[in-house]
Amino acid sequence: MSLDQNAEIELRLLIDAIYLKYSYDFRDYSGASVKRRVNHALRQFDCPTISALQERVLHDPAAFMQLLQFLTIPVSEMFRDPSHFLAIRQEVVPLLRTYPSIKIWIAGCSTGEEVYSMAILLREEGLLERTIIYATDINPSSLEKAKQGIFSMENVRAYTENYQKAGGQRAFSDYYTAAYDYAIFDKSLRENVTFADHSLATDSVFSETQLVSCRNVLIYFNKKLQDRAFGLFHDSLSHRGFLVLGSKETLDFSAYSNKFESFVKPERIYRKS
Amino acid sequence: MKTRFDATETSDAPLPRAAAIVVGASAGGVEALLKIFSTIKVGFRLPILTVLHIPDERRSHLASVFQARLPIPVKEADDKEDIVPGTLYFAGPGYHLSVESDLSLSLSQEDRVFHSRPSIDILFDSAADAYGKRLVGILLTGANNDGAHGLSRIKRAGGFTIVQDPAQAQARTMPEAALALHEPDYLLPLNDIGQLLAELERIAC
């Protein structure tokens, strides 16, 4: 048991050290998942203890950037939960259409799958040209990948099925060029996309938006940090703006539950009240 | 390691005072779970957290299937909800389920473990951290190795472990993998696991 106790202490010290040195704030992330990821990193870094890992990342910024890849979870897919995107297309788009110009914030965009999905949907609905998308994440490597818009062909096959179920109107292959085992997505999709480094834990609101999409990000936060994020989304959204969450995320138990109403409940689409 | 359980016999090794039960199962798991949970009576006070490997579809009917047959609340686990005693939780499809140190639940989408998300190992590891010696882990039938490591982790953290007898399991790989890693407190057929579950609950609170 004492080994485990040491590990708890070392984990807290590591997270504090990362915050003090690099300003990345994982202090209010869900503990169980952070612990698993740090343990996974220990094996990859070949460090016997979390203290050893701490010494390494404290003195070597490059090692920290490597560790950051373990601490963030780049699990995503295009048109993930197709019925969610179908609901955006059918229920939300008709209302977005009433705005002369639209701003959308995709918070925690990871490697860009949600961004390209949203851009494709908006293009098919004729709205992409008058939309600005802010795609933010804390992980610079993920943002770099998102900017490139290159995804493995193996995954794109699954995305194609999602796209069709999500009400896609064309052949999915119209949006990318296949090269070897990769699909290079049409760069015009990201003409109006601004990719930026932004932390829901430490940064503030940067723009007024009509829709915020933050999916499968908040599950990694504790309630306190979830509430901080909800506060940012609330402040960013214009009157009657939309907030869309992941399929297992909810506003119901947060401090902001009475500031939003359910718009399409099973799809976790909310509207600022 | 004991290979039978009879609540009417007094035992030299007393049962622990548990605070929670975690259960893992894969192939053949629905039947096995229905059998071990059949001893649960109204007023059962321990929380039970269950990972049954299921296809990656968006909605699962597990909770409603078990709710129709059990006299305690059954639900799919939600992110950040507090664990309520006397409730049976199932991990939903596509997300790992963890227990946090404040005894709330959290979901995550890290890589699959043995091709599975939810993973039994992830539930068992995190519950061992949160409950320590007050945890009971049960591993049942299954055709892969998920859960074996997590169950041995529960034992190392001072908890109590039960493995379904592989000879009587619909798929023996999973209980055999568990036995290869550690010696559980009990190796039992399903009927005995059900009786033991009831006895653990009786002495728990």
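Predicted model: local features only at pLDDT ≥ 70, side-chain atom pairs only at ≥ 80, totals over all residues.
Local features need pLDDT of at least 70 and side-chain atom pairs count only at pLDDT 80 or more, while totals for chains, interfaces and linings use all residues. Residues are numbered from 1 along each chain as its sequence is written, and chains are lettered from A and ligands numbered from 1 in the order in which they are written.

Start with helix H6 of chain A, residues 113-124. Helices (H or I, at least four residues) and strands (E, at least two) are DSSP runs, numbered from the N terminus. The expected span of a helix is 1.5 Å times one less than its number of residues. Ten of the twelve residues are buried. A residue is buried if 20 or more other C-beta atoms, placed from the backbone, lie within 10 Å of its own, exposed if 12 or fewer, and partly exposed in between. The buried set includes A:Val115, A:Tyr116 and A:Ala119. After the helix comes A:Gly126, with a positive phi near 75°.

Next, a sheet. Three strands of chain A form an open, antiparallel sheet in the order E3-E5-E4. Its edge strands are E3 (150-152) and E4 (176-179), each pairing on one side only. Neighbouring strands are turned by 30° against each other on average, direction ignored. Two strands pair if DSSP finds at least two bridges between them. E3(A) and E5(A), residues 182-185, have three bridges. Within this pair, A:Ile150 stands opposite A:Ile184. Helix H8 of chain A (residues 153-165) packs on the sheet, touching E3, E4 and E5, and its direction makes about 90° with that of E3(A). Axes here are lines fitted to C-alpha atoms, for helices over the stretch in contact, and angles run from 0 to 180 degrees between N-to-C directions.

Now the interface. 17 residues of chain B are in contact with 17 residues of chain A. Contact means C-beta atoms, placed from the backbone, within 7 Å. On the chain B side, strands E5 (96-99) and E6 (105-108) each supply at least two residues. The largest share, three residues, comes from E6(B).

What of the interior? The largest nonpolar core has 128 residues. Such a core is a set of buried Ala, Val, Leu, Ile, Met, Phe, Trp, Tyr and Cys residues joined through C-beta atoms within 7 Å. Among those with the most contacts inside it are A:Val115, A:Ala119 and B:Ala20. Helix H3 of chain B (residues 120-131) gives the most to this core, with eight residues. A second, separate core of twelve residues includes A:Leu14 and A:Ile50.

Finally, the backbone. Most residues other than glycine have a negative phi, and most peptide bonds are trans. The bond from B:Arg117 to B:Pro118 is cis, with omega near 15°. B:Pro118 lies in the loop between E6 and H3 of chain B. A:Phe79 is not a glycine, yet has a positive phi of about 50°. Its place is the loop between helices H4 (61-71) and H5 (82-96) of chain A. A:Phe79 is buried, with 28 other C-beta atoms within 10 Å.

How values were computed. Contact = placed C-beta atoms within 7 Å.
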